[in-house]
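My notes follow in the order in which I took them.

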Amino acid sequence: MKRVPERAPLLRAEEVVKHFPAGLGASVKAVERVNFEIYPGETVGLVGESGCGKSTLGRLITQLLPVTSGNIFFEGVDLTKLSGEKLRQKRRELQMIFQDPYSSLNPRMTVGDIIAEPLENFGLLRGRAKDKRVQELLRIVGLNPYFNNRYPHEFSGGQRQRIGIARAIALRPKLIVADEPISALDVSIQAQIINLMEDLQKEFQLTYLFIAHDLSVVRHISDRVMVMYLGKIVEVADSAEIYRNPRHPYTKALLSSIPIPDPEIQSKRRIVHLSGEIPSPVNPPSGCRFHPRCPIAQVPTPCADLEPPLEEKARGHRAACHFSEKVPVAV
Amino acid sequence: MTAPVLQVKDLKTQFFTDDGVVKAVDGVSFDLHPGETLGIVGESGCGKSVTALSILRLVQEPGRITGGQILFKGTDIVTMPGDDVRDIRGKDIAMIFQDPLSSLNPVLKVGYQIEEAMEAHTKISGKVALSRAVQLLKQVRIPAAESRVEDYPHQFSGGMRQRAMIAMGLANKPSILIADEPTTALDVTVQAQILELLRDLNEETKTAIILITHNMGVVAGLCKRVLVMYAGRIVEQGPVEQIFKDPQHPYTWSLLQSIPRLDADRKDRLLSIEGLPPDLIKPPRGCRFHPRCQFRIERCFHDDPTLMDVGPDQEAACWVTMRRALARDGEARA
C-alpha cells in the first residue's frame with residue numbers, strides 16, 4: 001500500500017499524557033502514555049467510543065491543547081517545546097477539520113473571508129491574488145467559486161464541511177487531523193465528503209489522521225487503524241489486517257457491534273457482549289484497563305495487576321493484551 | 001394474515017411556515033400487523049419522524065395533519081377527540097426518542113417515572129406499581145433493578161437511560177412501540193445491545209415495533225419489513241431481505257451503494273448521490289428524486305410515479321427501476 005515504513009515518520013508521539021483537573025485533586029486521565037507514528041502520505045484511522053480520548057489526542061497533535069507530559073515530534077521538531085511565533089509557523093503545516101460544520105464556521109463572516117483568514121494570518125496573499133486563491137479553493141472543494149460573498153447559513157451541512165476543508169487546505173498543510181468530519185452529515189452526503197478527502201489527498205499529498213467512531217468508514221478510508229480505549233491505544237495494524245484478524249478483545253467487540261446493511265449476514269452474526277459500562281477515566285481500573293469488561297480476562301493475574309504493553313504481535317500489528325492469541329478470528 | 005393493528009392511509013402532514021407550506025409527509029400509506037417489526041428509513045427531512053409523530057397526533061404547530069387516515073384497530077386517530085388520543089398514547093401506542101436524557105425528568109426517580117406511565121392509564125396501588133417497575137427494569141436487563149429503581153436519571157449511563165425509556169414504553173403492554181432513532185446517540189457497542197434488547201422484547205411481548213432510523217445497518221438487524229422515504233413520500237417498500245438484495249428504486253440502491261461496509265474490501269471510491277434533498281415547500285415536478293437520479297429518463301421530469309409492484313411483496317415508485325436501469329447500462333457498455 002501507500003505506506004513505506006522505512007521512511008521517517010511525519011509525526012511521532014512519545015509517551016503523550018493529558019490529564020484534566022477534575023476538582024478535589026482528582027484528574028481525568030484522558031490520554032495516558034500514548035506512542036505512535038504517522039508516515040507521510042498515509043491515512044491513519046483513530047477509533048474508539050465516546051470518552052476514550054481520541055478527540056483529545058487529535059487536539060494535542062495540532063497543539064490546540066498542551067500536553068501534560070510527553071513529546072510530539074513533527075518532522076523531527078518537538079512541538080511541545082515550541083511556543084509563540086515558532087509554534088505558529090509550524091501550525092501552518094498542521095490543520096484540523098471539525099465534526100460540526102455548523103459551529104466551526106463564524107456565522108458573521110463571509111465564506112470568502114473564512115477561507116482567506118489563514119492566508120491573511122500568515123501574510124501570504126493580498127488583494128486580487130488572495131481573492132483568486134479563495135475562488136480556486138472553493139472550486140477545488142466542489143463549490144461554486146462565486147459563492148465567496150455568501151454566509152455560512154446559506155449552505156447545507158455538506159457544503160459547510162467543504163468550506164471547512166477549503167480553510168484547512170488553504171495553507172497547503174502536510175498533516176490534517178479530521179475529527180469526526182462526516183458524522184454530523186446525512187448518509188448520501190457522507191460519501192461526497194469521503195470522496196473529496198480522498199481526491200485532495202492524492203492531489204496535494206496530504207497525510208490524514210481520521211478520527212471517527214464509525215469503523216466501516218474508517219476501514220474504507222484508512223491505511224492503518226489505531227483503536228483507543230480509556231486513554232490508551234490498545235491496537236494498531238493495517239486496515240485490512242485489523243478487520244480480518246483483531247488481536248485485542250475490545251477491537252473484536254467493536255467490530256462485532258457494527259451493523260452490516262445486509263439482513264442475511266446480520267442475522268447470523270454474533271455480538272461480543274461487553275459487560276458493564278466504560279469505567280471512569282478519573283479512576284481507571286488497575287492492570288489492563290479493559291479487564292473488568294473483557295470476555296477473556298484472567299483475574300487477578302495477570303489482567304488485573306499487570307498492564308499489558310502495546311507490543312508487536314505480527315509484522316506491523318501491535319496489540320496491548322496478555323491473551324491476544326485467544327481473540328477469536330473473523331467478524 | 002391477521003388484520004393490521006395500524007393502517008396509515010394517504011397521510012398528509014404539512015407545516016404552515018412564513019416561507020410557505022412544507023409538505024413534510026405527502027401521501028404516505030402503509031399497514032402494520034400485530035407483532036411486526038417495520039423500519040422507516042431515510043435522511044433528515046424525509047418525513048420519517050413526522051410520520052411517527054402524526055401517528056400519535058404529536059405534531060406541533062405550525063404543523064397539522066391535513067389529510068388521510070390513521071386507523072388504529074379500525075378507529076381513525078386523525079378525527080378522534082383529544083381525550084381518546086391521550087388514552088391511546090402510552091397505553092396502546094408508546095414512543096421512545098433519540099435522546100433519552102431529555103426525555104426523562106431529571107428531578108424524579110426513574111422508578112417513579114415508570115410508575116407514573118402506568119398510573120396515567122390504570123388505577124393501581126403504589127406497591128403494585130413499584131413491583132411492576134422493578135419487573136420492567138429487569139425485563140430491559142438492568143442489573144440490580146431493585147435498587148436502581150430508586151436512582152435518578154443522571155445516575156444512569158446513556159444506554160441504561162434508553163433501557164429505562166423502553167421499560168416505560170412497555171409499562172402498559174402497548175400493541176405498538178415507535179422507536180425514533182433509539183440508538184443514534186449511543187456508542188456502537190451500546191447500540192448493538194439496545195437493538196438486541198428490542199429484538200428480544202419483540203419476540204417475548206409480541207409488541208409491534210416501528211423503528212425510525214437513517215442507518216440501513218440498524219434496519220437490517222432488527223426489522224422484517226422496511227419503508228424507504230424520500231422528500232415526504234415512500235419511494236420503496238418491502239421485506240428487508242428483498243429490499244437489501246434487490247432494491248428497485250434508484251434512491252434505495254444508491255443509499256446502499258454509498259455506505260462503506262465493514263465486510264467489504266476497500267473500494268477506491270464510494271458511490272455518492274450528488275446534490276441535496278429537495279425543498280419541500282416547492283418540491284421538484286415529476287419524480288422528486290429525478291434531479292439527483294443518475295438513471296432518470298425523460299418521463300421522470302414531468303410525470304410523478306406512484307408505488308408499483310416490482311417484486312414479491314415489493315413496491316417502488318419509479319418509472320425506470322434498477323432492474324431495467326442496470327440492464328440498460330449493461331447494453332450500453334456492450
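I started with Val177(A), whose bridge partner in β8(A) is Leu209(A). Strands β7 (residues 175-179) and β8 (residues 207-212) of chain A pair in the parallel sense over five bridges; two strands pair if DSSP finds at least two bridges between them. Strands are DSSP runs of E with at least two residues, helices are runs of H or I with at least four, and both are numbered from the N terminus.

I noted the model's origin and the numbering: this is a predicted model, in which local features need pLDDT of at least 70 and side-chain atom pairs count only at pLDDT 80 or more, while totals for chains, interfaces and linings use all residues. Residues are numbered from 1 along each chain as its sequence is written, and chains are lettered from A and ligands numbered from 1 in the order in which they are written.

Eight strands of chain A make an open sheet with mixed pairing, in the order β6-β7-β8-β3-β9-β10-β12-β11. Its edge strands, β6 (94-97) and β11 (311-314) of chain A, each pair on one side only. On average, neighbouring strands of this sheet are turned by 25° against each other, direction ignored. Helix α1 (residues 54-61) of chain A packs on the sheet and touches β3 (43-47), β7, β8 and β9 (224-229) of chain A. The direction of α1 makes about 155° with that of β8(A). Axes here are lines fitted to C-alpha atoms, for helices over the stretch in contact, and angles run from 0 to 180 degrees between N-to-C directions.

I then took chain A as a whole. I counted 10 helices and 12 strands in chain A. The C-alpha trace of chain A spans about 70 × 50 × 45 Å along its principal axes. Buried residues make up 48% of its 331 residues; buried means 20 or more other C-beta atoms within 10 Å of a residue's own, exposed 12 or fewer, and partly exposed in between, with C-beta atoms placed from the backbone.

I looked at where the chains meet. The contact takes 36 residues from chain A and 34 residues from chain B, two residues being in contact if their C-beta atoms, placed from the backbone, lie within 7 Å. On the side of chain A that touches chain B, the largest share, six residues, comes from α6(A).

In chain B I checked helix α7 (residues 158-170). This helix has 13 residues and reaches 19 Å from its first C-alpha to its last, close to the 18 Å expected at 1.5 Å a residue; the expected span is 1.5 Å times one less than the number of residues. Because 12 of the 13 residues of α7(B) are buried, the helix is largely enclosed by the rest of the structure. Among the elements covering its buried residues are β6 (93-96), α4 (110-119) and α5 (126-139) of chain B.

- The peptide bond from Val299(A) to Pro300(A) is cis, with omega near -5°, and Pro300(A) lies in the loop between α10 and β11 of chain A.
- A cis peptide bond also joins Glu61(B) and Pro62(B), with omega about 0°.
- Glu15(A), in strand β1 (residues 11-21) of chain A, has a positive phi near 50°.
- Thr321(B) has a positive phi of about 65° although it is not a glycine, and this residue is buried, with 22 other C-beta atoms within 10 Å.
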